[in-house]
Amino acid sequence: MEQKRKITVNIAGTNLTLVTDESDTFVDAVVSMVNEQMTAARSHTTRVMPPINAALLCAIDACGERLKAEKRIRNLEAQASLYEVTIQNLKEELAACKDQTPADETPAQNTDDGFTRLSDMLRNSTPGAEGADDKVKLLENYLENRKTASGDSRSREEKIRYIESLLRGNDKN
């Protein structure tokens, strides 16, 4: 970071001295943007607008945009947190599945025709080939068969998360 220094700028015909540690390029870009916004604010009225009124309109607009940006940031941070939780849940589910697989049993031995058909359908599906309801039913049937065969005790919510991950193509099995 640079050392703070004084810079004189011209905004709407008024010279101002700024104390900043930003680069000249950044300051020039900000000053240019403010001048453009003030010119635009003054051009939207038929009467003469004093520069202070144009500056106040620009300040109001800038504050509004900042509040909107902060709200978008909070929403994106919340969404990222949900994704992190989902990823952690999927990792735990994967680890639990790996723990349930006997050591001498390979994944190829553990797959049945239902899973092979399901995997092929999801990976090779084209729009209109089979509906989402068909895929969900096939997934539910596969999971139910797997539960009875392996003593799977996953809850309905876990099954739904697993189904959603398969439909999104996130399953790495």
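The model is a predicted one, in which local features need pLDDT of at least 70 and side-chain atom pairs count only at pLDDT 80 or more, while totals for chains, interfaces and linings use all residues. Residues are numbered from 1 along each chain as its sequence is written, and side-chain values use heavy atoms, with hydrogens and water left out.

I then looked up the secondary structure, taken as DSSP runs numbered from the N terminus (helices H or I of at least four residues, strands E of at least two), and found six helices and two strands, in the order β-β-α-α-α-α-α-α from the N terminus.

For burial (under 20% relative accessible area, 1.4 Å probe, protein chains only), I recorded 19% of the 173 residues as buried.

Next I turned to helix α1 (residues 24-43) and helix α2 (residues 51-100), whose axes, fitted to C-alpha atoms over the stretch in contact, come within 9 Å and cross at roughly 110°. That makes α1 roughly perpendicular to α2, a class that covers 65 to 115 degrees.

At this contact, I listed Gln37, Met38, Ala41 and Arg42 of α1 against Pro51, Ala54, Ala55, Leu57 and Cys58 of α2. These residues divide into seven nonpolar, one polar and one charged.

How values were computed. Axes are lines fitted to C-alpha atoms, for helices over the stretch in contact, and angles run from 0 to 180 degrees between N-to-C directions. Angles under 35 degrees count as roughly parallel, over 145 as roughly antiparallel, 65 to 115 as roughly perpendicular and the rest as oblique. Contact means heavy atoms within 4.5 Å. Ala, Val, Leu, Ile, Met, Phe, Trp, Tyr, Cys and Pro count as nonpolar, Asp, Glu, Lys and Arg as charged, and the others, Gly among them, as polar. Buried means under 20% relative accessible area, exposed over 50%, partly exposed in between (1.4 Å probe, protein chains only).
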